[in-house]
Amino acid sequence: MLSYVGRRVLQSVPLLIGVSIIGFALMHLAPGGPLAVYTLNPTITNQDIERIRIVLGLDQPVHIQYFKWASGMATGNWGYTFFGGRPVLGVILERMPATFLLMGSALSLAILIGCTIGVLGAVRRYSVFDMMATSGAMVALSFPTFWFGLMAIYLFAIKLGWLPSGGMYELGEEDNLLDLVRHLILPCLVLALVITAVWSRYTRSAFLEVMHQDYMRTAKAKGLRAPARLLRHALPNALKPLIALLGIELPALFSGALVTETIFGWPGMGRLFVDALNMKEYPVLMGMIMFTALFVIVGNLVADILIALLDPRVRLS
Amino acid sequence: MSASNGLRLSRRSALVGGLAAPLVLAEGVRSGHAQAINKERVILGMTQEPVQFNPLLWVNAGTENIPEVCMFDALWDVDEKGNFIPNLAAKVPTRENGGISADGLVWKIELRGDVKWTDGQAFSAKDVEFTYQSIINPKIAIRSRSGFDFIKNFKVVDATHIEIELDRPYIPFAWAWQNMHIVPQHLLASEPDINKSAWNAQPVGTGPFMLKQRVAGSHMIYERNPNYHRGAAKFRQFIHKFVPDQLVLYGQAKTGEVDYMGLSGVPSDRWGEARAMADRDLITTPQPWVQFIYFNCAKPQFKDPKVRKALTMACEMQKSIDDVYFGTYKRTQSYLQPSHWAYNDSLKEYTADPVGAARMLDEAGWKIGADGVREKDGVKLKFTCSTTAGNPARQGTQALFQQNWKKIGVEMEIKNMPASVVWGEYTTKSQFDTELVAWEPTVGMDPDYTARAHSKQIPNKTGMGSNYSQYENAEVDKLLELGVTQANTEDRKKTYARVQEILAEEVPFAPQGGTYQGNLKKKQLQGIKPTGYTVNCAWNLHEWGWA
């Protein structure tokens with residue numbers, strides 16, 4: 001097992017390098033650049049822009065810029081933001097807790113509710129509950145998140161005045177846990193709504209597939225009761241695709257939710273990414289791409305290990 | 001689906017609400033409506049977040065002006081009437097008070113002697129000198145050196161006196177200093193690289209407030225500077241809050257979660273609702289930007305000024321403002337807002353006249369061809385119009401003008417592109433036919449328009465300037481050269497009135513309307529002065545207070 005993990009970690013090094021090269025190249029190939037923000041300002045002359053280009057190191061060929069950035073990364077220097085001159089790692093780390101909190105709570109809530117709905121739907125296939133859950137999931141998946149977000153704000157913040165319409169804290173209440181929870185409710189629910197829909201569908205289909213297997217019929221034939229059949233026989237088998245799904249969704253813990261964070265003014269990674277993209281903050285974008293790539297690799301590795309632990313037929317070798 | 005539709009309550013939203021309601025009730029939360037005003041603080045909400053607090057290095061005007069005005073001061077400010085008023089300087093230099101020499105070359109600046117940095121050190125001429133040296137230092141990513149590049153000699157006479165010699169007389173020089181706030185020499189002189197200095201995140205200035213806390217992505221909290229040289233602020237705390245979605249920010253202004261909604265303002269279609277609120281004031285503020293149709297005068301279709309004027313004449317400018325911008329823009333006949341001191345009031349409206357436009361094109365020799373499109377000497381009166389893609393209001397404007405032009409036998413094709421493409425070389429190398437664009441004057445809010453209209457400022461020909469319409473007129477050149485040397489405001493007014501008159505006749509760019517922003521504040525918040533001379537909605541923050 002250890003040697004397997006070691007090998008996977010080693011394999012991820014060229015993968016990360018590849019991601020960084022592609023990310024860097026795509027960013028520089030896209031039209032426009034960080035200096036575009038200056039070009040429309042009439043007081044900024046061409047000479048001013050050229051000077052800023054040199055100060056930011058953007059006058060050098062792209063491969064030289066890449067090597068400078070990559071050698072910095074290799075020594076733990078994530079670079080500095082173009083605008084503000086702050087260390088990139090610090091800029092990313094200061095947003096991480098907010099995103100972990102929002103995504104963590106939304107994911108946990110969604111998985112809990114989604115799996116429950118999915119299992120019940122599979123067990124009572126085509127029942128009224130199943131049909132309601134199916135259509136509910138379709139509605140949740142079909143409407144854009146920003147619509148749900150605006151609706152939730154309109155209803156709970158503006159019309160009813162029960163909850164704050166955005167942000168993470170009441171100003172000056174940064175240490176108040178209850179206040180944080182109040183701010184978390186709306187974005188968490190809106191985000192969880194969509195994730196719940198996804199998980200309920202996956203869970204339902206995973207369980208349906210398992211429940212029609214021969215060993216389930218055998219279990220029933222030997223007199224096992226329904227809860228035992230579900231827990232002992234169906235669950236471990238149905239979990240495999242769900243764990244794989246979890247592995248895929250884990251990076252979202254880091255990358256955050258662009259739309260939800262923007263609508264609710266949640267100070268997380270999604271917002272940072274949107275802002276960095278608008279400003280073409282290459283160092284921040286690269287930092288976030290690398291973090292996300294890392295999480296994808298870790299998420300998949302964890303999923304693979306979990307699946308091997310669950311299923312004796314899978315050997316990690 | 002438009003975001004505005006999203007705010008109408010429907011059965012679906014009630015369903016969503018129904019799902020969440022028990023949880024909310026379980027929380028037993030208090031009402032957002034019942035918030036009483038906390039008179040110890042003012043919360044300003046904006047859709048954008050500043051990332052650069054060093055006044056030398058900021059990029060985003062409007063947003064990054066806020067940390068600047070909280071923590072720093074310029075030598076002088078500009079008030080809501082467009083007059084310079086002293087700040088760190090004891091008085092604004094003029095010819096009359098002897099501050100500017102008769103030939104306009106030497107500027108003598110006297111500084112206040114009672115100003116302190118918030119770390120207790122005294123402010124002096126050395127700080128102004130250091131600021132100037134930083135601005136001309138090629139290693140520092142200063143956004144603009146405009147005006148400072150005319151300085152031939154900078155001399156510190158004593159702690160409160162400076163003498164600056166220019167290499168040519170340049171009246172808008174005052175704007176250069178207005179745009180650059182002064183930084184402390186004693187804290188920054190020893191910094192190896194100001195671009196990456198840790199000071200930039202926690203700066204020390206002379207301003208009315210000091211940065212106490214910053215929560216990235218959320219808000220910044222400032223505490224009052226009790227020793228501020230223009231008098232301590234009337235409230236203890238100033239909070240700059242960032243709410244990225246405009247509709248959500250508007251919602252917060254309604255619930256009272258923010259006291260004052262600045263950038264990007266109340267959405268145009270909600271101004272009526274905002275005006276009707278009993279306990280709020282909608283402050284409509286002219287912005288520096290005027291929206292134009294830019295003609296590329298070097299293209300064969302647009303060489304003749306009569307064609308450009310006829311095309312302008314055919315456009316329903318006022319209708320475009322009323323229908324597309326809900327009447328929130330103000331019709332202007334010039335590159336200045338009608339509220340600007342140098343605006344030429346005598347310019348007459350001549351648009352929305354398709355008959356006159358057709359007659360003018362006939363006279364100029366553009367006859368309708370077999371395909372219904374006018375032509376002359378083998379050139380068809382057919383062209384593209386470009387702007388930023390995905391801006392519905394601008395697309396609506398383009399569509400209206402397209403119809404207007406079609407009626408007089410002119411074919412326009414809409415060709416919109418992403419911002420970083422359309423405003424790149426497509427504009428700066430004058431590759432476009434026409435563009436729909438909003439631009440501000442070029443030297444602060446001074447009426448000087450050399451960079452946009454002087455024949456030596458065509459980047460395609462001289463490699464400098466921003467005369468992207470490639471317009472050339474000898475009289476305009478002369479007037480623009482004269483305007484920047486005239487010290488008397490009345491003389492300048494006449495000069496720029498004539499410039500505007502010629503531009504209205506020859507139309508290298510056809511003005512549509514001056515942009516306005518609707519800021520929303522609580523009625524009790526006093527002292528806010530809307531101005532068209534800066535995009536900084538908090539320019540006089542030290543005068544604000546609660547009634």
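**Ground rules.** I'm working with a predicted model, where local features need pLDDT of at least 70, side-chain atom pairs count only at pLDDT 80 or more, and totals for chains, interfaces and linings use all residues. Residues are numbered from 1 along each chain as its sequence is written, while chains are lettered from A and ligands numbered from 1 in the order in which they are written.

**Where the chains meet.** I started with the two chains and found 63 residues of chain B in contact with 55 residues of chain A. Contact here means that the C-beta atoms of two residues, placed from the backbone, lie within 7 Å. Which elements of chain B give two or more residues to that side? I noted helix 1 (11–27), strand 9 (237–242), helix 6 (246–255), helix 12 (419–422) and helix 14 (450–453). Helices (H or I, at least four residues) and strands (E, at least two) are DSSP runs, numbered from the N terminus. Helix 1 of chain B gives the most, with seven residues. Sorting the chain B side by class, I got 29 nonpolar, 23 polar and 11 charged residues. For that sorting, Ala, Val, Leu, Ile, Met, Phe, Trp, Tyr, Cys and Pro count as nonpolar, Asp, Glu, Lys and Arg as charged, and the others, Gly among them, as polar.

**Cores.** Next I looked for nonpolar cores, meaning sets of buried Ala, Val, Leu, Ile, Met, Phe, Trp, Tyr and Cys residues joined through C-beta atoms within 7 Å. A residue is buried if 20 or more other C-beta atoms lie within 10 Å of its own, exposed if 12 or fewer, and partly exposed in between, again with C-beta atoms placed from the backbone. The largest core has 146 residues, and Ala106(A), Ala152(A), Leu186(A) and Leu191(A) have the most contacts inside it. Its largest share, 12 residues, comes from helix 9 (residues 177–211) of chain A. Apart from that core lies another, of 51 residues, with Ala314(B), Val324(B), Ile408(B) and Ala510(B) among them.

**Helix 9 of chain A again.** I followed this helix to its neighbour, helix 6 (residues 96–123) of chain A: the two axes come within 5 Å and cross at roughly 35 degrees. Axes are lines fitted to C-alpha atoms, for helices over the stretch in contact, and angles run from 0 to 180 degrees between N-to-C directions. I have the crossing of helix 6 and helix 9 of chain A down as right-handed. (A crossing is right-handed if the near helix is turned clockwise from the far one by less than a right angle, and left-handed if anticlockwise.) The residues of this contact divide into 24 nonpolar, seven polar and one charged.

I also picked out Asp179(A), which lies in helix 9 of chain A. Asp179(A) is partly exposed, because it has 17 other C-beta atoms within 10 Å. Leaving out residues up to four places away in sequence, Asp179(A) touches Tyr169(A), Glu170(A) and Glu173(A). From its C-alpha atom to that of Ala206(A), 27 residues apart along the chain, I noted 39 Å.

**Strands of chain B.** Strand 7 (residues 209–215) and strand 8 of chain B pair in the antiparallel sense over six bridges; pairing needs at least two DSSP bridges between the strands. They form a hairpin with three residues between them, and Gly217(B) in the turn has a positive phi of about 80 degrees. Val215(B) stands opposite His219(B) in strand 8 of chain B. Strand 8 of chain B also pairs with strand 9 of chain B, antiparallel, over five bridges, and there Tyr222(B) has Phe238(B) as its bridge partner. Why do I call strand 8 (residues 219–224) of chain B largely enclosed by the rest of the structure? Because five of its six residues are buried.

Most residues other than glycine have a negative phi, and most peptide bonds are trans. I flagged the peptide bond from Leu263(B) to Ser264(B) as cis, with omega near 0 degrees. Gln470(B) has a positive phi, near 60 degrees, and Gln470(B) counts as partly exposed with 19 C-beta neighbours inside 10 Å. Val507(B) has a positive phi too, near 45 degrees. Buried or exposed, I asked of Val507(B)? Val507(B) is buried, with 25 other C-beta atoms within 10 Å.
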